[in-house]
Amino acid sequence: MRKRIFSGAQPTGNVHLGNYLGALRNWVALQNEYESFFCIVNLHAITVAQEPKVLAAKTRELARIYLSVGIDPDISTIFVQSDVGAHAELTWLLNCVTRMSELERMTQFKDKARKQQENVGVGLFDYPVLMAADILLYQTDLVPVGEDQKQHLELTRDVAIRFNRDYGETFRVPEPFIPKVGARIMSLADPAKKMSKSDEESEAGCVMLMDNADAIHRKFKRAVTDSGNEIRFDAARPAVNNLLTIYHLLTEKSPDDIEQHFNGKGYAQLKDQLAEATIEFLKPFQGRVRAIDDAKLDDILTHGAERAAAIAETTLSKAKANMGLVSAKV
């Protein structure tokens, strides 16, 4: 049997080029090697306040994006988290074996709680346990994660090991998959920060997957650069290195060929050619997004939820039985 992978994204904000190059692009490749489950994690989204109609629309939009980047519903399972009730139920079981001290150490919670202060919700604190439930329900072997989620995956592993030790073998202990190239695409406005749709101040630093040509040209034109004028891959010059990494991933040209191509050219030419490469890359993708009708999307998500639920319910039933949560006999 092929090994299994699970990953997901929140249906909030707009999906940007960094999301594609850092995650979605890898998902498309991995689906041909692994049994793949790709989730729209809308339960994670409501750990902060959401406008219900916007959340519902963004959930469907993200599903269209999954399909349009090349995730094949005949090969992979695409589904909405809230359509499979086992995610919420297993979270409660895992809550009862997770330590408060473990969740208090989560850096993402501390960062977000600092911004929300007294308004921080319990759901935000419990976010890593829901993530653990997502992963463990599917007896996952491999989880594609960015560096910012690696701590959460380590907690997932710890909880799985503890549950198996205390209640008997129940969950497969997952391993991380972190791509070597393109895992962290940085902001065009601040190369010290990851390109992020959750950063309200970084819109100028993000190229959205549905941006038009004018917006793409404008954003790259305003992208910050480093001192000097040499165009080459160099980690010590993070702004230009980031632009070249994006160009490398979009065009699939080798670093040596790229450096030779831009030899003697200036930053303006780099930005202009990178904008054109991005526009050409996104044009067919944007057409595919607009071509998916509601009926087709409903069918894909319904079948995906059914396939996911069949596996999730099996795992949940085993976890409940191992904890002694069995129905009373009449």
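The model is a predicted one, so local features are taken only where pLDDT is at least 70 and side-chain atom pairs only at pLDDT 80 or more, while totals for chains, interfaces and linings use all residues. Residue numbers start from 1 along each chain as its sequence is written, and side-chain values rest on heavy atoms, with hydrogens and water left out.

Along the principal axes, the C-alpha trace spans about 80 × 45 × 40 Å. As for burial, 49% of the 330 residues count as buried. Here buried means under 20% relative accessible area, exposed means over 50%, and partly exposed is what lies in between (1.4 Å probe, protein chains only).

Now for the strands. β1 (residues 4–9) and β2 (residues 35–40) pair in the parallel sense over 6 bridges, where pairing requires that DSSP finds at least two bridges between two strands. To get from β1 to β2, the chain passes through helix α1 (residues 17–30), and this β-α-β crossover is right-handed. Right-handed means that, with the strands pointing away from the viewer, the path from the first strand over the helix to the second runs clockwise. Within the pair, Ile5 has Ser36 of β2 as its bridge partner, and Ser7 has Phe38 of β2. β2 is mostly covered, with 5 of its 6 residues buried.

β2 also runs parallel to β3, joined to it by 4 bridges. Across this pairing, Phe37 stands opposite Thr77 in β3. Side chains in a regular strand alternate between the two faces of the sheet. In β3 (residues 77–80), Thr77 and Phe79 point one way and Ile78 and Val80 the other, and all are buried.

On to the empty space. Rolling a probe the size of a water molecule over the atoms shows where such space is left. The second largest pocket has a volume of about 160 Å³. On a 1 Å grid over the protein atoms alone, a pocket is an open set of points with protein on both sides within 12 Å along at least five of seven lines, and lining residues have an atom within 4 Å of a point. Grid points are joined across faces, edges and corners, and the volume is the space filled by probe spheres set on the points. Leu43, Ile46, Thr47, Ala88, Thr91, Gly123, Asp126, Tyr127 and Leu130 line this pocket. Both α4 (86–95) and α7 (122–136) supply at least two lining residues each, and α7 gives the most, with 4. The lining divides into 5 nonpolar, 3 polar and 1 charged residues. In this scheme Ala, Val, Leu, Ile, Met, Phe, Trp, Tyr, Cys and Pro are nonpolar, Asp, Glu, Lys and Arg are charged, and the others, Gly among them, are polar.

Asn164, in helix α8 (residues 150–167), is buried at 10% relative accessibility. Asn164 and Pro255 are 91 residues apart in sequence and 46 Å apart in space, C-alpha to C-alpha.

Two residues have backbone angles worth a look. Gln139 has a positive phi of about 50° although it is not a glycine; Gln139 is in the loop between α7 and β4 (142–144) and is buried, with a relative accessible area of 16%. Glu252, another residue other than glycine, has a positive phi near 60°. Glu252 belongs to the loop between α10 (238–251) and α11 (255–261) and counts as exposed at 66% relative accessibility.

How values were computed. 1 Å grid on protein atoms, 1.4 Å probe; cavity = no way out; pocket = protein on both sides within 12 Å on 5 of 7 lines; lining within 4 Å.
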